[in-house]
Amino acid sequence: HPVVIASFIGLLFIFLLLAILRYRNFKFHVNEEYFILKKGVINKEEVSVAKGKIQNVYIKQNVLQQLINVVSLAIETAGDDKTEIEITALSRAKANALKEDNKIETVDPIFFKASFKRILLEGISENHLKSFVLVFGFIVGVYNDLKEFIEQLSISKEFSSWFSLDSESFISLLVFNLSIVVLLLVLSFMLSLVRVLIQNFNLTVTRSEKGLEISKGLFNKINLGLIASRIQTTTVSTNRLKGVMGLYQLAFTQAMVNKKQRKKFNIIGLSKAQINELLNQFYPEVLSNNTANKPDMYFVYRVVFLSIIPIILINIGFVFLPKLFFFLNVPILGFIGLSIYFAYKKKYYSIDDHYIIVGGGGLIDKTTSYLETSKIQAVSINQTIFQKRRGLASVKVFSASKSLVIPHIVMTSAQDIKNYLLYKVESEDKDWM
């Protein structure tokens with residue numbers, strides 16, 4: 001119809017005109033102190049970001065940008081939940097020049113380049129529980145549709161007779177459930193493996209005096225600079241399988257609220273020697289501090305008490321099943337016991353004139369977090385009614401990006417730690433970002 005065609009052409013013309021006007025009004029320039037961006041058609045906007053407040057300048061490139069050979073440049077500052085400035089179509093040469101203008105140069109040779117084998121081993125040794133939960137949630141989501149489909153085919157009675165809980169069908173039920181679990185585990189494994197490979201493809205780390213530059217990604221390539229003075233917390237993590245293969249991960253946080261971007265400041269596949277070298281760069285002499293303080297045994301008692309509730313619920317479910325299911329309590333109790341033992345064993349804290357170190361983990365994972373005392377923003381003491389009866393408390397140390405918790409220590413020690421850390425904050429004039 002002519003009216004429809006004319007309307008379509010009119011809308012197309014309007015969109016084209018708006019695109020042209022946005023392009024003509026999108027301007028940016030850099031002077032000695034500010035990065036300035038002007039944009040907008042009807043509501044014009046001017047954004048000025050002081051160079052000294054910039055937390056990160058990073059380059060990213062999605063699939064479409066790779067095809068037309070352009071990149072995006074994003075600039076983030078502390079304390080905002082979105083990217084302040086993003087330019088979506090720049091040549092790589094111009095983007096690199098703007099990044100260098102922010103004084104994030106990388107003049108040293110490549111420090112670390114993850115091989116495909118090392119990334120593959122990282123994917124294989126991942127904690128696949130998160131992927132299992134996602135896959136399980138998806139299965140639960142389509143369960144009702146599958147149930148309706150089976151009822152329409154009038155085969156639900158056959159399934160019911162097959163799974164009736166008599167002595168003959170018990171083995172069939174057990175085999176079917178085990179098959180479902182194995183299938184979910186395989187899907188979880190593949191999901192984790194593919195995710196790690198895609199996110200960390202061609203992972204390259206270049207080191208300079210000011211910090212690091214990280215490049216990685218297959219479909220969404222990113223290139224970001226990490227300035228040492230702007231790091232808030234650093235966490236080293238591994239697990240039992242990764243430890244056997246000599247694999248460690250280093251995760252950094254900066255003073256920004258955008259949690260999605262924080263995940264990109266991870267370096268996987270590092271060796272223990274490389275981890276120590278980077279820690280010595282960002283936290284000089286931190287590895288020489290061997291004073292480890294343990295939380296009170298209340299830490300263990302609390303976890304044991306909290307574990308009783310799910311055990312009771314599980315056994316209530318076993319009442320309606322064959323008595324053989326009660327034997328599952330043996331591995332369940334063994335798993336819980338080992339988890340509690342290793343959680344307490346790996347939990348510690350250390351405080352000196354320059355750093356706070358908090359260790360943690362469980363049966364499988366192990367983490368160690370580092371924070372400079374000069375970058376502390378606040379310190380609080382938390383005490384539950386159960387802790388109060390035992391004269392205990394927990395200390396929470398806040399930075400501009402992440403908090404560290406020292407749990408279940410004597411109240412007098414908690415007060416001493418709080419007073420000491422607040423004194424360090426007030427007496428030091430080192431820039432926290």
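**Salt bridges, aromatic pairs and a nonpolar helix surface**

Glu-122 has a relative accessible area of 1% and is therefore buried, the term denoting values under 20%, with exposed applied over 50% and partly exposed in between (1.4 Å probe, protein chains only). The structure is a predicted model, in which local features need pLDDT of at least 70 and side-chain atom pairs count only at pLDDT 80 or more, while totals for chains, interfaces and linings use all residues. Residues are numbered from 1 along each chain as its sequence is written, and side-chain values use heavy atoms, with hydrogens and water left out.

The side chain of Glu-122 meets that of Lys-242 in a salt bridge, with an N to O distance of 2.6 Å; a salt bridge is defined as a side-chain nitrogen of Lys or Arg within 4 Å of a carboxyl oxygen of Asp or Glu. This pair links distant parts of the chain, as Lys-242 belongs to helix H8 (residues 240–244) and Glu-122 to helix H4 (residues 116–124), 120 residues apart. Helices (H or I, at least four residues) and strands (E, at least two) are DSSP runs, numbered from the N terminus. Lys-242 also counts as buried, at 7% relative accessibility.

A further salt bridge joins the side chains of Arg-195 and Glu-126 at 3.2 Å, N to O. Arg-195 is located in helix H7 (residues 170–199) and Glu-126 in the loop between H4 and helix H5 (129–152), so the pair ties together parts that are 69 residues apart in sequence. Arg-195 is partly exposed, its relative accessible area being 32%. Glu-122, Glu-126, Arg-195 and Lys-242 are linked in a network of salt bridges.

Glu-277 and Arg-207 form another salt bridge, in which the closest N and O atoms are 2.8 Å apart. Here too distant parts of the chain are linked, with Glu-277 in helix H10 (residues 272–282) and Arg-207 in strand E8 (residues 204–207), 70 residues apart. The relative accessible area of Glu-277 is 36%, and the residue is therefore partly exposed. The count of salt bridges comes to five.

Six aromatic pairs are present in the structure. Rings of Phe, Tyr and Trp (its six-membered ring) are paired if their centres lie within 6.5 Å, and planes under 30 degrees apart count as stacked, over 60 as edge-to-face and the rest as tilted. In the pair of Phe-252 and Phe-282, the ring centres are 5.6 Å apart and the planes stand at 85°, so the arrangement is edge-to-face. Because Phe-252 lies in strand E12 (residues 248–254) and Phe-282 in helix H10, this pair ties together parts that are 30 residues apart in sequence. Both Phe-252 and Phe-282 are buried.

The rings of Tyr-283 and Tyr-355 are likewise edge-to-face, because their centres are 5.6 Å apart and their planes lie at 75°. Tyr-283 is in the loop between H10 and H11 and Tyr-355 in strand E15 (residues 355–361), so parts that are 72 residues apart in sequence are tied together. Tyr-283 and Tyr-355 are both buried. Ring pairs link these two residues and Tyr-370 into a cluster.

Helix H11 has 21 residues and reaches 31 Å from its first C-alpha to its last, close to the 30 Å expected at 1.5 Å a residue; the expected span is 1.5 Å times one less than the number of residues. The buried residues of H11 are Tyr-298, Phe-299, Val-300, Ser-307, Ile-311, Asn-315 and Phe-318. These buried residues pack against helix H12 (329–346), helix H13 (385–389), strand E18 (392–398) and strand E19 (403–410), with contact taken as heavy atoms within 4.5 Å.

Ile-316 is also placed in H11 (residues 298–318), but is partly exposed, with a relative accessible area of 46%. Ile-316 belongs to a nonpolar surface patch that includes Val-304, Phe-305, Leu-306, Ile-308 and Phe-326, and the patch as a whole has about 1100 Å² of accessible area. Patches comprise residues with over 30% relative accessible area and no salt bridge, like charges being joined within 9 Å and nonpolar side chains (Val, Leu, Ile, Met, Phe, Trp, Tyr) within 5 Å. Accessible areas come from the Shrake-Rupley method with a 1.4 Å probe, and for residues only the protein chains shown count as cover.
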